[in-house]
Amino acid sequence: EKAIGTYEDLLYQLSAIDTHKSIIEQTRQMVTFRLAEVRSRKGDLTGAEEEMKRLISIRPNEIVGYVAMAELLMDAGRAPEALPYLKKAIELRPDAERALYILCQAAVIANDKEAYDLAVAGLEKTEGGAPFAIALQAEALYERGYRQGDDELKQQALQQFEKALELKPDLATAHLYRGRYLAERNRHFDALYEFDKALEIQDRNLGALTFKVLSQLELNDMEGAQATAAVLESVRPDANCYTILAEIYYRQGKLDRMAEALERLEEVGQDPVELLVSKVRAYETQDRRDDAIGILQESLKLEKYAGDPILLRWLGIMLLRAERPEEALAAFELQEQSLAADPEATDDAYLPVNRAKALMALDRDVEAAEQLEQFAASISKDDPAWVSLLRWRAVLFLRTNGPFYDPERAEELCVEGLFRTERSSPDMFDGSIEAR
């Protein structure tokens, strides 16, 4: 606030000076740029945008304002809006390498092939554009390798980044992708070095900040992660940022701050419960079931999410997978109570199946069978969910110490399930059931 006040006072004083107009204009440009930068760091993106527009009005024939505005919009996730400013910058200076490079990135995000071709052609014509062109090709190659799970493509991309760095040592993107490659191999200390190198070059590089905080979380460096996330919030206060902050506060045991982060998620138009479930699924794929259970339990302690049926459902599922059936059953019972108390809540058709799983794990097979019959009564035989019913009935019949043990009946149910699945999803089968 003090810096903003100082810069605003300077601009007011400069506006009153009539002499040395050229020097005054240059000074106004510099002060306006700094004011926009401070507002952006503070998270006041609207104010920063207004200052950038003022910067452009001071020197409309210079590219600095247009490029700065484009970078601000890119950081805010508004790539399509950045395109006109970048095109204007290139119109004013066709050899502006930085503007051409950012135009390439914005065009990819906005899916604007014409703008992309314009930028690439421009880079190829400039004396210093070669490293940017190489880096762009390397980015595309790495992302293709990432999507396809092809390590060889990633290695080729990293070799291209090395060539780009030889031509331009201060290329932040190259360090970002080197860091990503290391992080994907759980070499997070080495990855942090690369992310920090990228941030030395561009201290508000969105990718470097995001991947740095993720590596810090992997290393359980909560203090460092919180500091990085604070910068990330000033650059782009979006759903990704507040999901990360919610995780940091959960792991620090700061429930009040976690609640604030979830509220901010809602403010930026995201469903906090949906994103919490996505986080739980991510933990599960990373074999971090204790964290999945922990973040659900802590979320349910918050006043706004206490008794949330979706969170209770997932808590029960995670507890089941962790072989804690008694706790899972308790979670499912709370879910049922929550659904009954809210007439607008969406019913969970699979709740009886989930309860049946927990009851079987507790050797309460008769009650489990009752739950499966309740499920059967709620769906038709043409419903795709009928296959799930057949499966769990078969499991019940295969329990050797249970009262329903009947392997022949289990086999019949499995065959019926296979026939139904083949009819509804033929792509899942290489040949007919009869042929096998």
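Tutor: Of the 436 residues in the chain, 46% are buried. This is a predicted model, in which local features need pLDDT of at least 70 and side-chain atom pairs count only at pLDDT 80 or more, while totals for chains, interfaces and linings use all residues. Residues are numbered from 1 along each chain as its sequence is written, and side-chain values use heavy atoms, with hydrogens and water left out.

Student: Why is Ala138 called buried?

Tutor: Buried means under 20% relative accessible area, exposed means over 50%, and partly exposed lies in between (1.4 Å probe, protein chains only). Ala138 has 0% relative accessibility, so Ala138 counts as buried.

Student: Where is Ala138, and what is in contact with Ala138?

Tutor: Ala138 sits in helix α8, residues 130-148. Helices (H or I, at least four residues) and strands (E, at least two) are DSSP runs, numbered from the N terminus. Contact means heavy atoms within 4.5 Å. Leaving aside neighbours within four places in sequence, Ala138 touches Ala157, Gln160 and Phe161. Ala138 and Ala174 are 36 residues apart in sequence, with their C-alpha atoms 8.7 Å apart.

Student: How many helices and strands does the chain have?

Tutor: There are 23 helices and zero strands. Among contacts between residues at least 6 apart in sequence, 50% join residues at least 24 apart.

Student: What makes Lys168 and Asp170 a salt bridge?

Tutor: A salt bridge is a side-chain nitrogen of Lys or Arg within 4 Å of a carboxyl oxygen of Asp or Glu. The N to O distance between Lys168 and Asp170 is 3.1 Å, so the pair meets the rule. Side chains of opposite charge can pair when their charged atoms come close.

Student: How do you know that Lys168 and Asp170 are partly exposed?

Tutor: Lys168 is at 22% relative accessibility. Asp170 is at 41%. Both values fall between the cut-offs of 20% and 50%, so both residues count as partly exposed.

Student: Which other pairs meet in a salt bridge?

Tutor: Asp190 and Arg187 are one of them, at 3.1 Å, N to O. Asp190 is partly exposed at 37%, and Arg187 is partly exposed at 44%. Glu284 and Arg289 also pair, at 2.9 Å. Arg289 is partly exposed at 27%. By this rule the count is 37 salt bridges. Glu143, Asp151, Lys154, Arg180, Glu184 and Arg185 form a linked network of them.

Student: What makes a set of residues a nonpolar core?

Tutor: The set must be buried Ala, Val, Leu, Ile, Met, Phe, Trp, Tyr and Cys residues, joined through side-chain atoms within 4.5 Å. The largest such core here has 126 residues, and Met258, Leu262, Leu311 and Met318 have the most contacts inside it. Helix α14, residues 239-252, supplies the largest share, nine residues. Leu262 is in contact with Ala246, Pro272, Leu276, Leu302 and Tyr305, leaving aside neighbours within four places in sequence.

Student: How do helix α4 and helix α6 pack?

Tutor: Helix α4 (residues 64-75) and helix α6 (residues 97-110) pack at about 30°, with axes 11 Å apart. Axes are lines fitted to C-alpha atoms, for helices over the stretch in contact, and angles run from 0 to 180 degrees between N-to-C directions. From α4, Val67, Glu71 and Met74 make the contact; from α6, Arg98, Ala99, Ile102, Gln105, Ala106 and Ile109 do.
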